[in-house]
Amino acid sequence: MHEKIVILDFGSQTTQLIGRRVRELDTYCEIIPYNKFPKEDSTIKGVILSGSPFSVYDENAFQVDLNEICGKYPVLGICYGAQFMAYTNGGKVEPAGTREYGRAHLTSFCQDNVLFKGVRENTQVWMSHGDTITAVPDNFKKIASTDKVEIAAYQLEGEQVWGVQFHPEVFHSEDGTQILKNFVVDVCGCKQDWSPGSFIESTVAELKVQLGDDKVVLALSGGVDSSVAAVLLNRAIGKNLTCIFVDHGLLRKNEFKNVLDDYECLGLNVIGVDARAKFFAELAGVTEPERKRKIIGKGFIDVFDEEAHKIKDVKWLAQGTIYPDCIESLSITGTVIKSHHNVGGLPEKMNLKLCEPLRLLFKDEVRRVGRELGMPDHLISRHPFPGPGLGVRILGDITLEKVNILQEADDIFIQGLRDWHLYDKVWQAGVILLPVQSVGVMGDERTYERAVALRAVTSTDGMTADWAHLPYEFLGKISNDIINKVKGVNRVTYDISSKPPATIEWE
Ligand code: XMP
């Protein structure tokens, strides 16, 4: 088992960010709910307490017995984490007069404190809290102030316990990474040897033990996560892994064949299932977006289940679940941020054990692992694509004719982005077929045909997104190409809505 930093989650929006920062220091870490601290774990090298939406005075504030942690491991409390430690040890936490939010500067700090090694004078830090520590207990020592806050950071005298009221994990804290590094490397002694290579080595070894000679099925979507999971499992158990790739008829142009070829080149044992007829039949005449999603989701489960049953003695279902999905499902504040679970319900229905080898990785780490596994770049750097595919990009009912039109238009747009070296600059792009016809003129003839919308967004996680500011020349060229080459379309528009309040997909 790898050495790790535990991040105890009190529900802050930046908890995941702390995790990312620690991983960027090539150090393995796990985010654990505030009340689930493991009893005995010799791999823990240090603990970070996150911020929280609560004030220490709130009735519902998350409480934890720190005696289990302080004194046993080095501890760094961030924001609420710092306030909670100060408060429960007899310090004073009070509502801040004016909300201490935004930029501040460390006007003074103990230069010789290990936490501040290499930190520049007057460095900018990011504050975000409604309460502030106004007095620390006797055995706590103030070690930094900002222009707005007297006690910006403290250390327990003679102990490896620190608290900072600012957020070192946030980009706007200029020396934040240095502060985290000081804690993780200098204080906790982490070796910074967590890498894609070490992940692959240890995960393959663990999978071999976990799965033995058992048979495993995995649903491939063509996306990065399921593909990387498959290649990793293939390395561990070879032919005992069977991958199933379902064509619901709502994939991009030529996607089924291209992706299947890629998978075969990677040596995967993959079954491609042509289920287009089933999906088109079930979707005929359905216009309501949620209904379409349900039909596609259920159809997918049925097809997968049927195929999996053809394989004898399957014991496991593998999935490309990644860390943000797991953290969301653990979300202690109970807010469901994302509800796109295409294969939710499968493990129960099939009575299989679940194997999720990527469940501790962030998206960019999954990509790094994929590259290290020798997967081709076009597979690794693919844009996200919704499980229900073009089904949620054809507004109104779905027909084969509409799918064909959309596939052609989409192909021109995506190929254009590649040719103009714009593909990697956007998070995701696609075309939406609108349930609208408009008048046009082609040659000498009046036309009355369909309109499409181009959608391209920039984003870091898909949760929020901005419309991509693509060059006008490019948009003009794509519009021309679509109208000239795709029969049935005579108008192209560009979607300039950000998320929120719009979403990335139209349905
Ligand atoms: P929205 O439209 O909610 O999309 O802004 C956010 C991200 O999720 C993708 N998406 C889906 N992915 N199944 C998926 O696997 C779905 O049903 C689904 N709906 C949306 C969307 O493409 C974007 O990347």
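**View 1. Cys79, a buried residue in a loop.** In this predicted model, Cys79 is buried, with a relative accessible area of 5% (buried is under 20% relative accessible area, exposed over 50%, and partly exposed in between, using a 1.4 Å probe and protein chains only). Look for Cys79 in the loop between strand E4 (75-78) and helix H2 (80-88); helices (H or I, at least four residues) and strands (E, at least two) are DSSP runs, numbered from the N terminus. The backbone of Cys79 has a phi near 55°, a positive value in a residue that is not glycine. Most residues other than glycine have a negative phi.

A short note on reading the views: as the model is predicted, local features need pLDDT of at least 70 and side-chain atom pairs count only at pLDDT 80 or more, while totals for chains, interfaces and linings use all residues. Residue numbers start from 1 along each chain as its sequence is written, and side-chain values use heavy atoms, with hydrogens and water left out.

View 2. Gln192 sits between helix H3 (176-187) and H4, in the loop that links them. Here too you will find a positive phi in a residue other than glycine, with a value near 55°. Gln192 is partly exposed, at a relative accessible area of 31%.

**View 3. Leu8 and the residues around it.** Leu8 belongs to strand E1 (residues 4-9). Leaving aside residues up to four places away in sequence, Leu8 touches Ile32, Pro33, Tyr34 and Phe37, and also Ile48, Leu49, Ser50 and Ile69 (contact means heavy atoms within 4.5 Å).

View 4. Ser202 is part of helix H4 and counts as partly exposed, at 27% relative accessibility.

**View 5. H4 packs against H5.** Helix H4 (residues 196-211) meets helix H5 (residues 224-237) at an angle of about 60°, with the axes 9 Å apart. H4 is therefore oblique to H5. Axes are lines fitted to C-alpha atoms, for helices over the stretch in contact, with angles from 0 to 180 degrees between N-to-C directions; under 35 degrees counts as roughly parallel, over 145 as roughly antiparallel, 65 to 115 as roughly perpendicular and the rest as oblique. From H4, the contact uses Phe199, Ile200, Thr203, Val204, Leu207, Lys208 and Leu211. Their partners in H5 are Leu232, Leu233, Arg235, Ala236 and Ile237.

**View 6. H5 also meets H11.** The axes of H5 and helix H11 (residues 363-372) come within 10 Å and cross at roughly 45°, so H5 and H11 are oblique to each other. On the H5 side, Val224, Asp225 and Val228 make the contact. H11 contributes Lys363, Val366, Arg367, Val369 and Gly370.

View 7. Which residues of helix H7 (residues 276-283) are buried? They are Phe279, Phe280 and Leu283. These residues lie on the same side of H7 because they cover an arc of only 95° around its axis (the arc is that of the directions from the helix axis to the C-beta atoms). Ala277 and Ala281, on the other side of H7, are exposed. The buried residues pack against strand E11 (241-247), helix H8 (289-309) and helix H13 (400-419). Just after H7, look for Gly285, with a positive phi of about 80°.

**View 8. Gln407, a buried residue of H13.** Gln407 is found in helix H13. At a relative accessible area of 15%, Gln407 is buried. Beyond residues up to four places away in sequence, Gln407 touches Leu251, Arg252, Lys253 and Leu390.

**View 9. Cis peptide bonds at Pro500 and Pro501.** Most peptide bonds are trans. Here, Lys499 and Pro500 are joined by a cis bond, with omega about -15°. From Pro500 to Pro501 the peptide bond is cis as well, with omega near 5°. Pro500 lies in the segment after strand E18 (489-494), and Pro501 is placed in the segment after E18 too.
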